[in-house]
There are 2 protein chains.
Amino acid sequence: MPADKQPYPSVWARPQRPRREQPPLSRQQIVAAALELLDAEGIDALSMRKLGTRLNAGATSMYTHVANKDELLELVVDEVYGEVEVPAADDPAGWRAAITRCAHSLRAAVLRHPWIVSVLGETGVAYLGPNVMRQNEAILAAFEQGGFTLEAADRALNTVVAYVIGVSTSEAAWLTTLARSGRSEQEWVESLWPAAEQAAQDYPRLRKLYAAQRNQNLSATRDDDFDSGLECILDGLAARFAPAGG
Amino acid sequence: MPADKQPYPSVWARPQRPRREQPPLSRQQIVAAALELLDAEGIDALSMRKLGTRLNAGATSMYTHVANKDELLELVVDEVYGEVEVPAADDPAGWRAAITRCAHSLRAAVLRHPWIVSVLGETGVAYLGPNVMRQNEAILAAFEQGGFTLEAADRALNTVVAYVIGVSTSEAAWLTTLARSGRSEQEWVESLWPAAEQAAQDYPRLRKLYAAQRNQNLSATRDDDFDSGLECILDGLAARFAPAGG
DNA sequence: TAACGCACCGTACAGTGTGCGGCGCTCCGC
DNA sequence: GCGGAGCGCCGCACACTGTACGGTGCGTTA
């Protein structure tokens, strides 16, 4: 309360501070609550005060477990990375299947938490987070299993991850604005149509593409496009790095 | 000034509002100033007030030219996109060279304006911005020139752009934290080394890679890795979409 | 039982985006 | 030449942000 408003008429009426109803805060708990809040209301809704309230805690109580908001976000990013399926150490289906599954899982994780792309630009891929490390080691192992040298595996890892992150970034941005609009994807596209048509006015190829996409199942198309691009990349990687011309 | 402080003792002492020393504000001018500010001080330093001051204008004067801050950022993103080299309509060196140059140019633009990656997550790739449209049309044309169908060109475009954005995202994030640290890249890596070593403790492949990278020219390595990944992708695209097995 | 440390919290501060009402300049119709 | 209208700019205000600081009480250890 600001100073111009006396919350209680007298000291004697003021209630005692009730302590320890809830178990004490922990870093893990804070991260989990932040994740919930982000998933429920998006990046703009995450404020330390709201997070505090959700934890039955004061606005600044988190600062004993977390240096600042940025650090909290790094932790949350690594937490999300922990949801990504780790390639099996010795997948009998071969490296390609393992990497494909892992890439799909990464994309799915990003799309489950679309706010993450507006945080990735600050944290990179959360260098040194334990889940990131575990994941990367496993992917390297999968590539090595396919005959890649360690250096080639590193390049391949970077290429694939960059592709997945890049695709997911624009997808997630789209999904976010879509969610903010409150409409269905079809409705939203329809409402955007005049603007799109005018923007594409002088560009015949874009016009044609937009027109073709207008009445398609956009979500399915996105999945197909993702798969197709991933296949291309794996083809390229295999041709360049895998022995015995896969 | 807040109400508790009289800025002038009397009306007569109050200076007249000097008007029209500067030419009036324009959207283009605002976007340019925002770009300068972002390049000079990064994303956190862009506030409407600071931008106003830089333009010799009040804090809210921009709102007649721009709906809100988000819209301003969309405009700035498209502006940056305008710096990217557009593939020539009929490049004699072939589609591969054209796309390669364009991809390099896009990466360079992002790295010149590293703050952009923390905005891309909200705007996607600034759907419908005029520069984005022009650029995309030209890239589609370049792929078509290489014998791709329009649909294939679209997929190829998405794949390449996703890759470039993905790579640049983590690079830009790295460069940003590097800049914030105020140290040289070598020093920064050295200071991070103990943490990295510990994080990689249980992961032999990562340990080996880190050790190998420790004393390399990181900037050159990044360039090489980018090229190598791009080549892979173009190989994959050519094999899949270009006629007569380029 | 005394003292101490640690987790937590209220308050405060400087700063944010932006709605609103008004002011002054410019221009247009007379 | 003059009156009024419209538009661009601005000061102010509001609700809200991240977080530094100085307590305050609980649990534990001496």
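Start by colouring chain A by domain: domain 1 covers 3-80, and domain 2 is made of 85-182 together with 216-241. Keep in mind throughout that this is a predicted model.

**Stop 1: where the two domains of chain A meet**

Select the boundary between the domains. Here ten residues of domain 1 of chain A are in contact with 14 residues of domain 2 of chain A. On the domain 1 side, the elements that give two or more residues are helix 1 (27-41) and helix 3 (69-81) of chain A. Select helix 3 of chain A next: with six residues, helix 3 supplies the largest share of that side. Coloured by class, the domain 1 side shows five nonpolar, one polar and four charged residues.

**Stop 2: the annotated spans**

Now select residues 24-84 of chain A, which UniProt lists, in an unreviewed entry, as "domain: HTH tetR-type". The span is 57% helix and 0% strand, and its end C-alpha atoms lie 29 Å apart.

Then select residues 47-66 of chain A. An unreviewed UniProt entry gives these residues as "DNA-binding region".

**Stop 3**

How is chain A laid on chain B? A turn of 180° with a shift of 0.0 Å along the axis does it, at an RMSD of 0.0 Å. This is therefore the relation of a two-fold axis. The same surface serves both copies, since 100% of the contact residues of chain A recur in chain B.

**Stop 3: the contact between the chains**

Select the residues where the chains touch: 49 from chain A and 49 from chain B. On the side of chain A, the elements that give two or more residues are these:

- helix 5 (117-123) and helix 6 (130-145) of chain A
- helix 7 and helix 8 (185-199) of chain A
- helix 9 (204-214) and helix 10 (218-241) of chain A

Which helix of chain A gives the largest share of this side? Helix 7 of chain A does, with 16 residues. By class, the side of chain A that touches chain B holds 27 nonpolar, 13 polar and nine charged residues.

**Stop 4: helix 7 against helix 7**

Finish by selecting residues 150-181 in both chains, which are helix 7 of chain A and helix 7 of chain B. The two axes come within 7 Å and cross at roughly 105°. Angles of 65 to 115 degrees count as roughly perpendicular, so helix 7 of chain A is roughly perpendicular to helix 7 of chain B.

To see the contact itself, show side chains on helix 7 of chain A, including A:Thr159, A:Val161, A:Ala162 and A:Tyr163. On helix 7 of chain B, the residues making the contact include B:Ile165, B:Gly166, B:Val167 and B:Thr169.

Terms used:
Residues are numbered from 1 along each chain as its sequence is written. Chains are lettered from A and ligands numbered from 1 in the order in which they are written. This is a predicted model: local features need pLDDT of at least 70, side-chain atom pairs count only at pLDDT 80 or more; totals for chains, interfaces and linings use all residues. Axes are lines fitted to C-alpha atoms, for helices over the stretch in contact, and angles run from 0 to 180 degrees between N-to-C directions. Helices (H or I, at least four residues) and strands (E, at least two) are DSSP runs, numbered from the N terminus. Angles under 35 degrees count as roughly parallel, over 145 as roughly antiparallel, 65 to 115 as roughly perpendicular and the rest as oblique. Two residues are in contact if their C-beta atoms, placed from the backbone, lie within 7 Å. UniProt positions are given in the numbering used here, feature names are shortened, and annotations may be inferred rather than shown by experiment. Domain bounds come from an automatic or database domain assignment. Ala, Val, Leu, Ile, Met, Phe, Trp, Tyr, Cys and Pro count as nonpolar, Asp, Glu, Lys and Arg as charged, and the others, Gly among them, as polar. Copies are superposed by least squares on the C-alpha atoms of residues with pLDDT of at least 70 in both.
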